[in-house]
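Subject: Structure for you to look at

Hi,

Here is the structure I promised to pass on. Have it open while you read, and I'll go through what turned up.

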Amino acid sequence: MDHIEEDPSGIEKRRYKRKTVMWSGKLSLLWGARLTNEDHTVAGVVRDMSVSGAKFQTKDVFSATAGVVLEVPRFGNFNCKMIWQDGYVVGLNFDDSPEEIFKTITEALPGIAIDPNPI
């Protein structure tokens, strides 16, 4: 999701500031990914978001083999790569540039930052 850097103390710093959200959405699984019931979409909740990615939680067990599309009704669709999965929670990295994502979500998330060093 976000580019993570560690400072000398071992504390990780994310490149872009994340905001906690609770937005309903779904993932459309691409390129051969399958759910246990052969469906290709997973309903869930976007838990946090930055201009470079999002954390998505679902109640469905699935395994994505490549790209996914995050569908958020209030914004539309985001092409993503799933970069990690921990049970029912996945980390997504947006394919579009942080500048494009910023333009799309800034009104709904006024505290979202494009500054790569917000803290």
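This is a predicted model: local features need pLDDT of at least 70, side-chain atom pairs count only at pLDDT 80 or more; totals for chains, interfaces and linings use all residues.

Now the overall layout. The protein chain has 119 residues, and 38% of them are buried. Its secondary structure consists of 10 strands and 1 helix. If you walk along from the N terminus, you pass the strands and then end on the helix: β-β-β-β-β-β-β-β-β-β-α.

The barrel is the part to look at next. It is closed by 6 strands, in the order S3-S5-S6-S10-S9-S8, with antiparallel pairing. On average, neighbouring strands of this sheet are turned by 45° against each other, direction ignored. In case sheets are new to you, strands pair through backbone hydrogen bonds, and they can do so in a parallel or an antiparallel way.

You can follow one of these pairings yourself. Strand S3 covers residues 19–29 and strand S8 covers residues 67–72, and the two pair in the antiparallel sense over 4 bridges. Find Leu-29, then look across to S8: Val-68 stands opposite.

Take the contacts in the protein chain with a separation of 6 or more: 57% of them are between residues 24 or more positions apart.

One last stop, Ser-50. Where does Ser-50 sit? Look in the loop between strand S5 (41–49) and strand S6 (53–58). Is Ser-50 buried or exposed? Its relative accessible area is 0%, so Ser-50 counts as buried, the cut-off for that being under 20%. The side chain of Ser-50 also reaches the backbone nitrogen of Ser-52, at 3.1 Å. Then there is Leu-109, which is 59 residues away from Ser-50 along the chain, yet their C-alpha atoms are separated by 9.4 Å.

Cheers

Technical notes. Residues are numbered from 1 along each chain as its sequence is written. Side-chain values use heavy atoms; hydrogens and water are left out. Buried means under 20% relative accessible area, exposed over 50%, partly exposed in between (1.4 Å probe, protein chains only). A polar contact is a pair of N or O atoms within 3.5 Å; within protein, one must be able to donate a hydrogen and the other to accept it, and residues adjacent in sequence count only if both atoms are side-chain atoms. Contact means heavy atoms within 4.5 Å. Two strands pair if DSSP finds at least two bridges between them. Axes are lines fitted to C-alpha atoms, for helices over the stretch in contact, and angles run from 0 to 180 degrees between N-to-C directions.
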